[in-house]
Amino acid sequence: MHKSTGKDSVIQKMTSYNYPLQSAKIKSGMAYTGKKVEYDLYVTDTMVNFTGKHRHAIAINGQIPAPILEFTEGDTAIIRVHNLMKMETSIHWHGILLPNKEDGVPYLTTSPVEPDETYTFTFPLIQSGTYWYHSHTMLQEQSGLYGSIVIHPTQPEPELKEYVLLLSDWTDENPHQVMRYLKRGGEWYAIKKGALQSYGEAIAAGSFKDKLKQEWQRMPAMDVSDVYYNKFLMNGQEKNYFKDAKPGEVIRLRIINGSASSYFTLQYGMSYMRLIAADGINVTPVSVSKLEIAVAETYDVLITVPETGAAELRATSWDVVGFSSGYFGNGPIMNAPDIPKLDYFKMMREMGSMNMNGMNMEGMDMKEMKMPSDTIPAKKDMGNMDGMNMNNMQGMSMGMPGDFNYNMLRALHPTTLDSTLKPREIKLTLTGNMLRYVWSFDFKTLSVADKILIHKGEKVRVVLTNNTMMRHPLHLHGHFFRFINSQGDYSPLKHTFDIQPMQTVTIEFEANEEKDWFFHCHILYHMMAGMARIVSYEGSEQNEFAKTGYKELKKEDNILYPWFDLSVHSQGTWLSGNISNNKNALEFEGRASWNGNYETETHLLRYIDKKQYLAFYIGVDYRKNKTLPLANKPNSKDNRRVFDAGFYYLLPMLIRSEWRIDHTGKLRLQLERRDIPLSNNFFFDFRVNTDREYAVGFRYMIAKPLSISTNYDSDYNWGIGLTWHY
């Protein structure tokens, strides 16, 4: 989207106070005034080819991303969503203040749009800025169901040419298979990204002791992104050319991170950008040379087109796997700087240093980790820069541009809340188990968590501590909040914010709404794995979904996911399988030789402790090794039909210990570790128990579903073959 304008200087109006008063609210039954702006959105299945392979996707009006919806503050939006698919869908209007029933979260605030049906959203626009919309149904957002929203202010701003840049990530895999693979803890995504951090790589990097220390603390390998993506897109393409941008012209970019789980680093070939708005709200302009944008955030920036040639705006994924680009101008290109590959072992050492300094990874005695100490550049009149009259840029913070951090965000006016409001403080800890891929607040997923209760008229202060090794972009529906940073009274208003590992962040807002609103991590797979809560106005009217305890919504993070490994070797076959949800698992182990010996163990587990290190089980052990001496002795080591019970406990070095007793009174202890990474594709397994059984195995992973494997088993001897992973 763009508007043609002359080469005007940016004036004081760019710093207008464009967000609604903090006491503003929308009542469900209020009469809507202003111009009616109507859109029809047709949601359809489609096929796309981003990578040379045809894959299923979801489009709106036949396009990915979906159409840009444009409004003016004061308009009434009337948006008809037509579902032409065979499954239900939904649309959430991200960052828009609207009536609760129009928020678009299925089974929480709004009914899902059923197949072959139409849902009409109607709400007034009481704000301006850059926002976006996306599906809130399962994993549909990953498949292409997202689009941008631009709300122009009633008070005219400087006429600048502007473009919307909607960033996203794309995988050729079915998103449900991605989620299942994350649940099984597979290694292929890390292999593809060079993020496995094997022992061989650790030795080569001089980080062997750090690797040992990490695993001694039961910590998996460091990573910054869970998923390996095939492509990163800007407006649905890897490369975008904006050739109508004129030499020397100042243009406005409305940048939206509409990805499912990717952070991006933005850099411009003409050195720096001028950041003027965050999450739709104008802020004191500040120059940045590098801008990190978390999932679901939006930023508006000003850039200058070069006098000759074109300049690249590059959005690099935070795991530095790939990027997308926009080129502004014509002729030879000034490329944005390359970002070096991540040094995971250095990151691991830094995380270990945090742990040594009292930031305990297990959640004890967490210390507040402050934002980077960068300060906002001094306010100076630097004359005419980039064609902008700096004397007219009231509040502009100039000086040498640097890497962006949240302390640079300064509201245009004080954002402090009414001191007479009754205060309420809520403390939340971000928690997770990367081995089982369960994400939560205070070790409780949405399916088992209580509501966060607040009262209308309160000043709500939420203190959040990230006790995980990953960053999380958190989004509160239906509200803007003060993100408390070094700007004090001028702390910015946001609806989405990033929280880094071992960091504590404080937000606060006036409780001026009603009913229930969603609060969740906006990494799609983290939300679906449980990192979400419902913020509830106590005493408020309940809708039909609240009356059932949000039963349908709470099913999402407790879905059963299956996976298995099948090895076919020269001496026999091995099958291990698992069907698992948040707290329970059904595990199966089967071994059979080609000469007729076989054994199976089936266990039903329940994880007990909040870290999920401890699981109790009941099960059955059945084996018949008929070629061995004790084959005919009942319930011997080689001829066994027993019921058993016991527990698993995860030891340091990620070794799984099993303690069990069978119905004959026989005790057994077993130690096991699978998937020890020796090099980027090469893994080692071992198992040993007090029945004097042992096994070792090696495998070389050649594709996501396939490995070349070999093993030695004390009962089955040595063999070599292939292992199929599902």
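Predicted model: local features only at pLDDT ≥ 70, side-chain atom pairs only at ≥ 80, totals over all residues.
Visitor: What percentage of the residues in the protein is buried?
Guide: A residue counts as buried under 20% relative accessible area. The protein has 726 residues. Buried residues make up 57%.

Visitor: What share of the contacts with a separation of 6 or more comes from residues 24 or more positions apart?
Guide: A contact requires heavy atoms within 4.5 Å. Among contacts with a separation of 6 or more, residues 24 or more positions apart account for 68%.

Visitor: How many strands are there in the protein?
Guide: The secondary structure includes six helices.

Visitor: Which residue in β42 stands opposite Arg673?
Guide: Strand β41 spans residues 667-677 and runs antiparallel to β42, residues 682-689, with six bridges joining them. The two strands form a hairpin with four residues between them. Opposite Arg673 stands Phe686.

Visitor: Which residue in β43 is the bridge partner of Asp685?
Guide: β42 is also joined to β43, residues 694-703, by seven bridges, and these strands run antiparallel. Within β43, the bridge partner of Asp685 is Gly697.

Visitor: Which residue in the turn between β42 and β43 has a positive phi?
Guide: β42 and β43 form a hairpin, with four residues between the strands. In this turn, a positive phi of about 65° belongs to Arg692.

Methods:
Residues numbered from 1 in each chain as written. Heavy atoms only, no water. Pairing = 2+ DSSP bridges. Buried < 20%, exposed > 50% of the residue type's maximum accessible area, 1.4 Å probe, protein only.
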